[in-house]
Amino acid sequence: MDGVVSFFDYLTNNLDDVMELTIEHAIYIVTVMVAATVVGVGLGVWVQDKPVQKEVALGIASVFITLPSLALFTIFIPIVGLGFWSAFIALFMYALLPILRNTVTGLAEVSPAVLESARGMGLTSRERLWKIQLPLAWPVIVTGVRVASLLTAGIAAIATLIAGGGLGDFIKDGLTNWGFRLAAEKIWTGTLFIILLALIFDGIFGLIRKYTTSPGLR
Amino acid sequence: MTDKAFIRLENVTKVYPGTEEPAVAELDLEIPKGEILVLVGPSGCGKSTTLRLINRMIEPSGGRIIFDGEDVTTVNADHLRRRIGYVIQQIGLFPHRTIAENIGTVPRLLGWDSARVDARVDELLEMVGMDPKIYRTRYPKELSGGQAQRVGVARALGADPEVLLMDEPFGAIDPITRDRLQNEFLRLQSELQKTIVFVTHDIDEAIKMGDQIAILREQSRIAQYDTPEAILAHPANAFVEDFLGSGAILKGLNLKRIGDLELTEIPTITAPVSRDAVLQAIEKSIDGWALMLDKDGKPTRWLDRTALDRAEGLDEAGQRVRVTVEPEDTLRDALEKMLLSVTGCAACVDPQGRYMGGVRLELLTDFLQELQRVERNRQAAANA
C-alpha cells in the first residue's frame with residue numbers, strides 16, 4: 001500500500017513534469033506517424049505495380065526494424081546531433097515497415113475485376129488511385145498506422161538516452177538513481193504514461209478506421 | 001463497308017510483347033448499328049482480346065478502329081471509354097460505393113450536375129427492374145448475383161452510351177437466373193437499340209442473343225459472320241460445323257421465342273372452383289388437362305379427371321404448376337421446362353406471372369419439322 005500511496009504522491013507533486021514529458025512523447029508519435037504515413041503510403045503506391053522495387057522497399061524497411069534500437073538511435077547523432085531529430089529519424093525508420101507493408105497488401109487486395117471495370121469506364125489512372133484503390137485499401141492502411149503508433153509509443157522511450165526527452169526521462173532517471181528515494185515511482189510513472197498514450201492512440205486510430213471506412217466494406 | 005457499320009475494325013492486329021504469333025491477326029470487323037453482334041468461339045480464339053481492342057483496354061499493335069466515322073485509334077483512351085459501356089463477367093461493382101454511386105460513376109466523370117445524375121440513376125434502376133427507393137442506398141455486398149449483374153448493366157448504361165461491350169456478362173450466373181437476365185436484357189435492347197458487342201463461348205447463348213454472329217477461330221480469324229439463322233442453315237466450313245456441334249436442329253430452337261408463336265388455349269377455371277366447373281373445363285380440353293388460376297390470374301394447379309376422383313378438397317387436387325414459360329423464352333428454354341411438366345404442356349405467363357396461354361409440345365414439333373426440312377434441303381444442296 002505504501003508504494004501505491006507514494007506513487008500517487010509523486011505523481012501529484014510532479015504533475016507539471018509529467019504533463020510536459022507526456023506531451024513531448026505524444027509529439028514524437030504524432031510527427032512520426034504523419035511523416036511515416038506520407039512516405040509509407042506514397043512509397044507503397046509507387047511500388048505496387050513494380051515487383052522489383054516492391055521487394056527492395058519491403059526488404060529495406062524490414063532491415064530497419066531488425067536493427068537494435070539503441071544502435072539506430074545513435075547512428076544519426078554525427079549527422080543531426082543529439083536530441084529530437086536523431087530520435088525522430090530512428091522512430092520514423094521503425095514506423096515505416098508496418099505502414100508500407102499494409103499499404104502494399106491493401107492495394108494488392110483490391111479485386112482485379114473492380115480495377116478492370118473502373119478502367120473500362122474511363123477512370124484515369126489518377127482517378128482509379130484516389131477513388132477506387134486507396135479507399136478500398138484504406139482500412140488495411142489505417143491498421144498499419146495503428147500498429148506503427150504502438151511501436152513508436154514504446155520505442156520512443158529510448159529517445160531519452162540521446163537527450164531526446166519524452167517519458168523515457170522518468171525511466172532513465174529511475175534507473176540511474178536506483179536504490180535512492182522515489183526511483184521506482186519514476187520508472188512506474190514513465191511506463192504507465194507510455195501505456196496510457198499507446199492506448200489513447202490505439203483508440204483514436206480505431207475510431208478513425210471505423211468512421212473513415214465505407215459501410216460497404218464493413 | 002456498309003452504312004450500317006457503327007464501329008469498324010480495319011486490319012487490326014495485336015501482338016503481345018515477347019510473342020511471335022499475334023493474338024489477333026489482321027482482323028476486319030464491322031459492327032452494325034443498333035444490333036447485337038455476338039463474338040463466339042472456342043477459348044483462346046481471341047474473342048475477349050478483340051472486344052478489349054474496341055475500347056482500347058488493349059492497345060492494338062496495328063490497324064485502325066473507326067468509331068461512328070471517327071478514327072479513335074490514337075485518341076485519349078479514357079475519354080473514348082466514357083462513351084462505351086463495358087460489362088464484364090465478374091461485374092466489378094465498386095464495393096465501397098452505394099448502388100446509386102456506382103451507376104452514377106460515368107455521368108459524374110462527364111460532369112453532370114447531381115440532380116441530373118440522381119434522376120438518371122433512378123431511371124436506370126427502374127429500367128433493370130429494381131426499386132430505386134430500396135436499392136439506391138444499398139452496397140454491392142447486399143445484392144444477389146443476379147441483382148449485381150443488373151446493376152452492372154445499369155452502370156454501363158449510365159451516361160447513355162451508344163455502344164455496349166459485354167464480355168460473358170451472364171457467364172457466372174446460375175442457369176435459371178441467366179435465362180431470366182438474358183430475357184430481360186433482350187426486352188431492354190428492343191427498346192434501347194444500342195450497338196452491342198457480346199462475347200460468349202456458348203453457342204446457344206450466341207444464337208439466342210445475337211442479331212449477327214461472328215464465329216471466331218484462332219487469332220480471331222472470322223470463320224463465319226452472319227445471322228444465327230443463316231449460320232445454322234448454312235455453316236460456311238468444317239470449323240463452323242464442328243463448333244455448332246451435333247444437334248444443330250435442337251439449337252435451331254434457340255431462334256424462335258414463345259412470343260413468336262400462337263399460344264393454344266387451355267381451359268381454365270378460377271379458384272375457388274366447383275366440381276361441375278372443373279368437369280366442364282376438363283371435357284373441353286383436348287388432352288384432359290385443365291388449368292386452375294388464382295384470383296390474380298396466376299396458374300396454380302393442373303387438374304385432370306383423376307384429380308376429381310380423389311377425396312381431397314378441389315383446391316388441393318391435381319398437380320401443382322411447377323414451371324411456366326415466358327414470351328421471351330426461346331423454344332429451347334421452353335422445351336426444357338416442358339419436359340419437367342407433368343402434362344407435357346406449359347402455361348405461358350406475363351412478367352407479372354398472369355396466365356397468357358398454353359404451349360403444347362406439338363407447337364415445338366411442328367417447328368422442329370420445319371427446321372428438319374430446311375436442314376434436308378441444305379444437305380441436298382450441298383451434295384448436288
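Start by selecting chain A: of its 218 residues, 41% are buried, where buried means that 20 or more other C-beta atoms lie within 10 Å of the residue's own, exposed means 12 or fewer, partly exposed is in between, and the C-beta atoms are placed from the backbone. Keep in mind that this is a predicted model, so local features need pLDDT of at least 70 and side-chain atom pairs count only at pLDDT 80 or more, while totals for chains, interfaces and linings use all residues. To find your way around, residues are numbered from 1 along each chain as its sequence is written, and chains are lettered from A and ligands numbered from 1 in the order in which they are written.

Of the contacts in chain A with a separation of 6 or more, 75% are between residues 24 or more positions apart. Two residues are in contact here if their C-beta atoms, placed from the backbone, lie within 7 Å.

**Stop 1: where the chains meet**

Show both chains. Here, 18 residues of chain A are in contact with 21 residues of chain B. Which helices of chain A each supply at least two residues to this side? Select 112-120 and 125-155 of chain A: these are α7 and α8. α7(A) gives the most, with 6 residues. Color that side of chain A by class and you get 9 nonpolar, 7 polar and 2 charged residues. (Ala, Val, Leu, Ile, Met, Phe, Trp, Tyr, Cys and Pro count as nonpolar, Asp, Glu, Lys and Arg as charged, and the others, Gly among them, as polar.)

Stay with α7(A) and pick out Val114(A), Ser117(A), Ala118(A), Arg119(A) and Gly120(A), which are buried. The buried residues of this helix pack against α8 of chain A, and also against α2 (77-81) and β6 (84-88) of chain B. Just after α7(A), click on Gly122(A), which takes a positive phi of about 95°.

**Stop 2: a strand inside chain B**

Select residues 36-40 of chain B. This is strand β3, and 5 of its 5 residues are buried, so it is largely enclosed by the rest of the structure. Ile36(B), Val38(B) and Val40(B) are on one side, with Leu37(B) and Leu39(B) on the other.

Which strand is joined to β3(B) by 5 bridges? Select residues 195-200 of chain B: that's β8, and the two run parallel. Look for Val38(B) opposite Phe198(B). Two strands pair if DSSP finds at least two bridges between them.

**Stop 3: an open sheet**

Still in chain B, find the open sheet of 4 strands in the order β2-β1-β4-β5, with antiparallel pairing. Why do β2 (24-32) and β5 (70-71) of chain B each have one side without a neighbour in the sheet? They stand at the edges, each with a single partner strand. Zoom in on β4(B), residues 62-67, which 2 bridges join to β5(B). Ile66(B) has Asp71(B) as its bridge partner there.

**Last stop: confidence**

Color chain B by pLDDT, the predictor's confidence in each residue, from 0 to 100. The average is 87, and 97% of the residues score at least 70. For the complex, the predictor gives an ipTM of 0.84 and a pTM of 0.80.
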